[in-house]
Amino acid sequence: MIDEKTLMYMEEYGGSFVRELAYLYRLADTENKRRLEECFHDIFERYKNFGKEEDKKQLEEIPKIPPVWYIYRCDKCGCEFSLPIIFTPKFCPRCGEKLEVSK
Ligand SMILES: [Zn+2]
């Protein structure tokens, strides 16, 4: 079981893959969590022990990539929601209107 602190380190300091992995892990049920842990054991291990200051310092030098979440806004029905970039809905889930992406 991966603890919350590890997932937060992954989201804070990880690259885009590591961040999406943390996101996926949150979505997964027990069985899928186990599978993710098995497949990406080395990545989880790395962030599990991430509290050390030198790790953070080292990563501060890498420029930060903006969060991989987009806000979608529907002009027709006014609904607004955010989704990770891996999901790219083209139409409003509520009214079917074509969506514009704003960052
Ligand atoms: Zn709509």
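Me: How should I read the accessibility of Tyr-9: is the residue buried or exposed?

Reply: Tyr-9 is buried, with a relative accessible area of 15%, where buried means under 20%, exposed over 50% and partly exposed in between, with a 1.4 Å probe and protein chains only. The model is predicted, so that local features need pLDDT of at least 70 and side-chain atom pairs pLDDT 80 or more, whereas totals for chains, interfaces and linings use all residues. Residues are numbered from 1 along each chain as its sequence is written, and side-chain values use heavy atoms, with hydrogens and water left out.

Me: How many aromatic pairs does a search of the whole structure find?

Reply: The search finds three aromatic pairs. In one of them, the ring centres of Tyr-9 and Tyr-13 lie 6.3 Å apart with the planes at 40°, so this pair is tilted. Rings of Phe, Tyr and Trp (its six-membered ring) pair if their centres lie within 6.5 Å, and planes under 30 degrees apart count as stacked, over 60 as edge-to-face and the rest as tilted.

Me: Where do Tyr-9 and Tyr-13 stand relative to one another in helix α1?

Reply: The two tyrosines are four residues apart in helix α1, which covers residues 4-13, and are therefore separated by about one helical turn. Whereas Tyr-9 is buried, Tyr-13 counts as partly exposed at 23% relative accessibility. From Tyr-13 the C-alpha to C-alpha distance to Tyr-47 is 8.8 Å, across 34 residues in sequence.

Me: Which residue has its charged end over the ring of Tyr-25?

Reply: The charged end of Lys-33 sits over the ring of Tyr-25, at 5.3 Å from the ring centre; the criterion asks for NZ of Lys or CZ of Arg within 6 Å of the centre and within 35 degrees of the ring normal. Met-1 belongs to the segment before α1 and counts as exposed at 71% relative accessibility, while its C-alpha atom is 7.6 Å from that of Lys-33, 32 residues away along the chain.

Me: What does Phe-40 touch, not counting residues up to four places away in sequence?

Reply: Phe-40 touches Phe-17 and Leu-21. Phe-40 is found in the loop between α3 (30-39) and α4 (41-48), and at 25% relative accessibility it counts as partly exposed. Its C-alpha atom lies 8.8 Å from that of Leu-21, although the two residues are 19 residues apart in sequence.

Me: Which residues coordinate the zinc ion?

Reply: Cys-74, Cys-77, Cys-92 and Cys-95 coordinate the zinc ion through their SG atoms, at 2.2 to 2.4 Å; donors are N, O and S atoms within 2.8 Å of the metal (3.2 Å for Na, K and Ca). The donor residues are spaced C-x2-C-x14-C-x2-C in sequence. The angles among the four donor atoms run from 100 to 114°, and the site is tetrahedral, a label that requires all angles to lie between 85 and 135 degrees. Cys-92 is buried, with a relative accessible area of 4%, whereas Cys-95 is partly exposed at 31%.

Me: How many helices and strands are there in the protein as a whole?

Reply: There are five helices and three strands, which run α-α-α-α-α-β-β-β from the N terminus on; helices (H or I, at least four residues) and strands (E, at least two) are DSSP runs. Of the 103 residues, 30% are buried. Among the contacts with a separation of 6 or more, residues 24 or more positions apart account for 39%.

Technical notes. Tetrahedral: all angles 85-135°; square planar, octahedral: opposite > 155°, others 65-115°. Contact = heavy atoms within 4.5 Å.
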